[in-house]
Amino acid sequence: MIYFDNAATTQPHKDVLDSFVKVNESVYFNPNSPHKMGLQAEKILLQAKERINNFLSPTQQYDVIFTSGATESNNIALKGIAYRKKQFANEIITSVLEHPSVLEVMRHLEEEGFILKYVDVTEDGQIDMEHLASLMTDKVGLVTCMYVNNIMGQIQPIEQIVELLKEYPKAHIHVDAVQALGKIPMKIQGVNSLSFSGHKFNGLKGQGLLLIDNKEKLEPIMHGGGQEYGLRSGTVNLAMNVSLVKAIALALDNLGERHRRLSSFNKELRTFFENYKGIYINSPENGAPQILNIAFSGVKGEVLVNAFSKLDIMVSTTSACSSKRGKLNEVLLAMDIREDKIEGSIRLSLGDTTTAQDIESFKKKFEIIYSEVKELLK
Ligand code: PMP
């Protein structure tokens, strides 16, 4: 099998699984229990949080909230911030590029009376900084922007946004960094909150993280036993959280090497596709190396995904979350990509398990698919 769907999820690393099992075997206690074993579990939980800060942000300490994934982190952060600011800063800025776990929260907040503004997107999929500046007012309480787009791979100018927002002290900047961790060097200084999901970097499904510069800024959106500073009630899953730290350590430890390897695969595939008439590259050249979105103009993405799947190659249409929705993808529409190139787009996403052999086999099998569809290509 050639697995080119790593942006949907990745294979868990053995060390992460081992860590999960080990903690479950030896420290299965509840960190909120008052006895000796509970205190031991609590100590390990606090150490895990400290290590996360050391790995991700040694110069700016964040409050660390463990969640079940980025969907939950985005919900806790975006609603939590918005509700706190409703009375004095009820404008929110986002873009159509965001993942549904942000966009659907935005739509929900709009229904609740917040004023939602969408920032324009340039042709290469970047936030239009001039437009963003023109949307800023003293009423803006929240700006949310992803770091790396999950469909096209473009990287957003987070540092520039942080710089712009310095003039607007009421505006909180939230970054969905799900597709960035372990793939590109992140610069998060000055970002107020960030979301991550472990399974995107060889961790486990169910491992999520929210970093926030000050937990007091959040209104809780769920209520219960008060764990995680009252922001994410529910018995703490220590083994999940400790093994997430392992996944982060592995992702950052190999970052330079991984970046070089994936960039070289990405480049090789780009050069390969250039030889084929009717195949277009949608992803910008300066994007994150693990994502390559290509279009077969004139053939539907779903048909292609099935054709690849029959040859044991796993790819995705726009993104696993929206693949089944069957409408034109808004991210690609926003980037002014022609409709036929949107309909015929597929995403190849590489990862730690991708080998040079995979790339070679892919190229060979691609010939078979190309010969089947080439008469249809525009
Ligand atoms: N944000 C982005 C950019 C994503 O790619 C994803 C996962 N597709 C999420 C958020 C949500 O992550 P999860 O499904 O793990 O909650």
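Predicted model: local features only at pLDDT ≥ 70, side-chain atom pairs only at ≥ 80, totals over all residues.
Below is a friendly tour, topic by topic.

**The overall picture**

- The C-alpha trace of the protein spans about 70 × 50 × 35 Å along its principal axes.
- Of the 378 residues in the protein, 57% are buried.
- Among contacts with a separation of 6 or more, 73% are between residues 24 or more positions apart.

**The three-strand sheet**

- Three strands make an open sheet in the order β9-β10-β12, and the pairing is antiparallel.
- At the edges stand β9 (279-281) and β12 (345-349); each has a single partner strand, so one side of each is left without a neighbour in the sheet.
- On average, neighbouring strands of this sheet are turned by 30° against each other, direction ignored.
- Helix α8 (residues 255-274) packs on the sheet and touches β9, β10 and β12. The direction of α8 makes about 10° with that of β10.
- Five bridges link β10 (residues 291-296) with β12 in the antiparallel sense, and within this pairing Ile294 has Ile346 of β12 as its bridge partner.
- On the other pairing, β9 and β10 are joined by three bridges, again antiparallel; here Ile281 stands opposite Ile294 in β10.

**How enclosed is β10?**

- Six of the six residues of β10 are buried, so this strand is largely enclosed by the rest of the structure.
- Both faces of β10 are covered. Ile291, Asn293 and Ala295 are buried on one side, while Leu292, Ile294 and Phe296 are buried on the other.

**The seven-strand sheet**

- Seven strands form another open sheet, ordered β2-β8-β7-β6-β5-β3-β4, with mixed pairing.
- Its edges are β2 (63-67) and β4 (115-118), each with a single partner strand, so one side of each is left without a neighbour in the sheet.
- Neighbouring strands here are turned by 20° against each other on average, direction ignored.
- Strand β3 (residues 91-94) runs parallel to β4, and four bridges join the two. In this pair, Glu91 stands opposite Ile115 in β4.

- The buried residues in α6 include Ile158, Ile161, Val162, Leu164 and Leu165.
- Seen down the axis of α6, the buried residues fall within an arc of 165°, so they line one face of the helix.
- The cover over the buried residues of α6 includes α5 (129-135), β5 and β6.

**Nonpolar cores**

- As a general background, nonpolar side chains tend to be buried together in soluble globular proteins.
- The largest nonpolar core has 67 residues. Those with the most contacts inside this core are Ile52, Leu132, Met136, Tyr147, Leu194, Leu209 and Leu211.
- Helix α7 contributes the largest share of this core, with ten residues.
- Leu132 touches Ile93, Val119, Ile127, Val143, Ile161 and Leu164, leaving aside residues up to four places away in sequence. Two of these contacts, Ile161 and Leu164, are among the buried residues of α6.
- Another core, of 28 residues, lies apart from the largest one; among its members are Ile2, Tyr276, Phe366 and Ile369.

**Two residues with positive phi**

- Glu228 lies in the loop between β8 (208-212) and α7 (238-253). Glu228 has a positive phi of about 50° although it is not a glycine.
- Tyr229 lies in the loop between β8 and α7, and it has a positive phi of about 60°, although it is not a glycine either.

Note on methods. Residues numbered from 1 in each chain as written. Heavy atoms only, no water. Pairing = 2+ DSSP bridges. Axes fitted to C-alpha atoms, helices over the stretch in contact; angles between N-to-C directions. Buried < 20%, exposed > 50% of the residue type's maximum accessible area, 1.4 Å probe, protein only. Arc of directions from axis to C-beta. Contact = heavy atoms within 4.5 Å. Core = buried A, V, L, I, M, F, W, Y, C linked by side-chain atoms within 4.5 Å.
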